[in-house]
Amino acid sequence: MAYIAPIHRPSSVRHTIRANVFSADEESLVLAKANRLEIWRLADGLLSVAHSQAIYGTITILQRLRPKDRDTDLLFVGTDRLEHFTLEWNHETSQLDTRTMFRDPGEHHMRDSQSQDKCIVDPTGKYMALHLWEGLLTIFRLGVRKNTALELERMNQVRLSELFIKASTFLYTETGHPKVAFLYSSRADADDSKLATYRLTSDDRNTVASSFDPVKDREVDVDIDDPGSAMLIPVRKVEEEVKRHNVRNVEAAKAHIGGLIVVGETRLLYIDEVTKSTVQSALKEASIFVAWAEYDVTHYFLADDYGILHLLTILTDGVVVTGMDVSPIGTTSRASGLVYLGDNILFVASHYGDSQLFRLDLLSAVPTLQPLQVLPNIGPISDFAVMDMGNRENDSPGNVYSSGQARIVTGSGAHKDGSLRSVRSGVGLEDIGILADLDHTQGLFSVRSHGSRQVDTLVVSFLTETRIFKFDKTGEVEEVESFSGMAFDHRTIIATNLPNGQLLQVTTAAAMIIELESGVVIASWRPEAGRFITNASANEARLLISVEGTTLVSLSIHDDLEVVRQKQIDEKDQLACIHVAPQLSDVGVVGFWSSGTVSLINLSTLEPIHGESLRRTADDASIPRDLVLAQVLPSNVSGPTLFIALEDGHVVTFNIGKDMTMSGVKRVILGTREARFHLLPKGNGIYNILATTEHPSLIYGSEGRIIYSAVTAEDATCICPFDAEAFPNAIVLATDSQIKISKIDTTRQTHVRPLPMGEMVRRIAYSPSEKVFGLGCIKRELNRGEEIIESSFKLVDEVIFDRVGKEFPLKSAGHTELVEAVIRAELPDSYGNLVERFIVGTSYLPDPDAGSNTYIRGRILVFGIDSERNPYIILNHELKGACRCLAIMDGKIVAALTKTVVISQYEETSTTTAQLTRIVSYRPSTYPVDLTINGNIIAVADLTKSISLVEFMPGKDGESPKLVEVARHYQSAWATAVCHVEDESWLEADSQGNLMVLRRNPKGVTLEDQRRLEITSEMNLGEQVNKIRKISVETSPGAMIVPKAFLGTVEGGIYMFGTIATHAQDLLLRFQAKLANTIKTAGDIEFKTYRSFRNKEREGDGPFRFLDGELLERFLDVDEATQTEICRGLGPSVEDMRNMVEELRRMH
């Protein structure tokens, strides 16, 4: 059984409109992202999410309708499965309610519309036309009576003679009768454009749909001179001083404002809706326009395919149109939609890059764009790499991504919007400023000066001295030479304010209580002559000191550091670490070197209350190095928790009971060296803990659980809270070279770090030894009207996340070369040593001018990395077929060419030369699109024929090696990606968004059983998967889900795929079924319909042995009564199911 859950939700915006959703006075921006509707508010020049709602279906249509006598809009939504419905905002529930829904199933003989699903609405918002099938138009209108005003009524489904429609729109009319215009081609392969307009209705009351007879009903029939025309813009009418009348001499009539603009690649055509007069204007430069938005009646925004925003101006003499002009304004992402929000603010929705919000200045001599906001988009994901998979939780089911120890780096966007995106789950740090460049900081402490209500002083401890920095109310900082009598000549171990206006400072030489106002040392304690303090910890009542690890001293702060108790420790088992609980006045914790034990002690007697050994086996050498006993979860949920940092990077936790018993031991790996704990007060007696190691983590409580989340501060060594007036809720962070002030998030989020590339990152490979990403990039530029495409191979450093070295252009004389595949591998050099290499596969675009003599169709290139981190070429191997994908099998290069899969032996003959020798080949059904290898089995994903498994058999006894097909999936599927899951199971994705888990049965009874790949799980994801990357994650034996792979989609979604343990399968399947029957979404679409497998050959009844993690997690969003109803009959209690779902959610 299989499980899938989103790590990063789809971020690509396909559709966007402006609508009055909430009220008549507020216009909102509505976005469609894959299966989610988002409603955004605009305030103070910035957008914010007001509502987000999931839809059971991929959204293909988004429009607004205006019911009669209403001042708010209905949203009309259509999905890829032809489910259509209207939504209205419910102010009582703050949700979108479904008003009308219907389905247009079509017939088997119907062909899909060439322009995809299209919906147009007339300017009044009352009439709507759907173009879903070739040659068919479905017409609807809103009810005219008060009790049916919110209902959509189907008028008719009419036949169209215009089969190949490129664009359509309603026109603005004076008569009140809706009119529609079609821009179409005469044939599917015809290089022409024609325009036709019709009345939508045939009667005066607008109740009967027109028959759309091209002879009797067509009002305008025009051949468009520009065959590349693909856009129609309706132009509103304006009030004229003199009323126009129909004239007999139409040729002499002039075109007035109020008609239609046909936008082509080289020219514009304006047509007057009344007189049918035309005005034509040539463009200054040819372009391909993809989106438009109205600014006012004579100005329109046009976005082209190259990310240039233009302003179209209708030139007029009064109300007479004299011409049109198009001029560029600026550069944006390649737009999928434009929405003008008023007040000179324009929203650019994008599928290929980030969506953007701009402020316009059209009144200046040169119009400008000022960026206001960016809505990040990591789609489309062409390829991705997974890093840092070595750190895991040992004793609890989990996925390293959720803790932030794994980073997914994606090749995102297309063309000039291409970028590299680092996607990571964790707690973000925002640097406010750098305090100083200081090396080897040992400790940081924030204190208040005399008379200050907030922290205003930073104590910085070094190995042999202490330095102090004072801040004023504006954030200005000054280093001071003295501060209230504090000692500067030793390393400070503790510096903290006491409740009575005093300050406690503990250095390696002494412990002191200082009067802040006078700077007088009120009390002090020093160890015996020649000895020094190695560790100390304190709360408001007690100070616990370790002297050289052999003497433990408890001092009373209230009694001027009077010794309460002193105890000698056996030198064979010295103190490794000590800690005083901040909320337990008389309880401390000590850890020992030799025995590897930790004990809770009474600070009055220094006698142990309870102890535990941290060593699980006789040869275990675990040593505690740091301790914290604090309230991380609310007191009504749990008592204090003891955290122990071990020398090997483990963190061990115990629950501390009221009687000081230690229970519920858990172990987590945070790194390879000991962590250092830093307490961050959260309020109400609750603390967060920031653990610094090579992978820092924030430990905090959430939903009754302790969460470990990575922090984006890999180089942090010391941290302290710094809630100053100028820097509220900030922290001070020290690295090996500097001290800086930062703000920290309180909970885990997905953090995306972009690296703009200005070109499409087609392929990506990660080299752990070189610590670089190898990128195969494709750049597209427009030079004097000619499109130029170039490919290159370049490197990006993993740490600084920026380009390094020189790029290597992929050019071949007389050919346009495209990079198709990039992988990394350890291959033997000319001396036989394994070295890191990048392997690049390319293809040549067909050149019609070259003739049939050009038999070379691609290349395989092998690159090394020199000492200056520049790629240099070692092998240049020409191919007779395009190299679509590459893989490595036991040091051999496996290449999928246009019609062949080839295994070749790689051999380097010198430091800069190598040769590739073909060993064996296999011919797939049609065209290989992806490869994955497990042992000596190659899974070949075919363009139309699903996947086949091919086994490599080395030659024996003089026989030649062979590639033998051992199994095949016999159903047709347009495969896009394939990955090995486990044992004999494989995961396949196809172009229609389906996921299939296929299993080979090598022990089948018959040969046919052995050769057939059977489907064990399947569902429809609703997004096309471009790449699947296998991961290996250790989980506990009782884990319900085992993560197996990450998936990257065209819509910018990243998903985690896993398998389900046998003991949890029945419970989770029944749980999903009950959730699907209980939880309803907009449109009232059934879950099983949404997730059922679908392609042109068959459609399933629902997801088959596949769990949708997004649905399971919605259990936590419903009320207690609904949860109780869902859990009835399942077996486990509501609390058990909540805990289980929370565990699943924490996996990603």
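This is a predicted model: local features need pLDDT of at least 70, side-chain atom pairs count only at pLDDT 80 or more; totals for chains, interfaces and linings use all residues.

The side chain of Arg9 forms a salt bridge with that of Glu1110, with an N to O distance of 2.4 Å. Arg9 is in the loop between strand 1 and strand 2, while Glu1110 belongs to helix 4 (residues 1109-1113), so the pair ties together parts 1101 residues apart in sequence. Glu1110 is buried, with a relative accessible area of 15%.

Arg14 also has its place in the loop between strand 1 (2-8) and strand 2 (15-23). Its relative accessible area is 35%, which makes Arg14 partly exposed. Leaving aside residues up to four places away in sequence, Arg14 touches Ala32, Ser336, His351, Val1050 and Glu1051. With Glu1051, the side chain of Arg14 makes a polar contact of 2.8 Å. The C-alpha atoms of Arg14 and Tyr352 are separated by 9.6 Å, and these two residues are 338 residues apart along the chain.

The structure holds 57 salt bridges. Side chains of opposite charge can pair when their charged atoms come close.

| Side-chain pair | N to O distance |
|---|---|
| Arg9 and Glu1110 | 2.4 Å |
| Asp325 and Lys284 | 3.3 Å |
| Arg1011 and Glu965 | 3.4 Å |

Which parts of the chain does the salt bridge between Asp325 and Lys284 link? Asp325 and Lys284 meet in a salt bridge of 3.3 Å. The pair links distant parts of the chain: Asp325 is in strand 25 (residues 320-331), and Lys284 is in the loop between strand 21 (278-282) and strand 22 (289-296), 41 residues apart. Asp325 is partly exposed at a relative accessible area of 26%, whereas Lys284 counts as exposed at 66% relative accessibility.

For Arg1011 and Glu965, the salt bridge has an N to O distance of 3.4 Å. This pair, too, links distant parts of the chain, with Arg1011 in helix 1 (residues 1007-1011) and Glu965 in strand 77 (residues 962-968), 46 residues apart. Arg1011 counts as partly exposed at 26% relative accessibility, and Glu965 counts as buried at 17%.

Thr275 is placed in the loop between strand 20 (267-272) and strand 21. With a relative accessible area of 12%, Thr275 is buried. The side chain of Thr275 takes part in a polar contact of 3.5 Å with the side chain of Asp272. Another polar contact, of 2.9 Å, joins the side chains of Thr275 and Ser277.

Helix 2 spans residues 1062-1078 and has 17 residues. From its first C-alpha to its last, helix 2 reaches 25 Å, close to the 24 Å expected at 1.5 Å a residue. Buried residues in helix 2 are Ala1064, Gln1065, Leu1067, Leu1068, Phe1071, Gln1072, Leu1075 and Ala1076. An α-helix has 3.6 residues a turn, so residues three or four places apart point the same way.

Definitions and conventions: Residues are numbered from 1 along each chain as its sequence is written. Side-chain values use heavy atoms; hydrogens and water are left out. Helices (H or I, at least four residues) and strands (E, at least two) are DSSP runs, numbered from the N terminus. Buried means under 20% relative accessible area, exposed over 50%, partly exposed in between (1.4 Å probe, protein chains only). Contact means heavy atoms within 4.5 Å. A polar contact is a pair of N or O atoms within 3.5 Å; within protein, one must be able to donate a hydrogen and the other to accept it, and residues adjacent in sequence count only if both atoms are side-chain atoms. The expected span of a helix is 1.5 Å times one less than its number of residues. A salt bridge is a side-chain nitrogen of Lys or Arg within 4 Å of a carboxyl oxygen of Asp or Glu.
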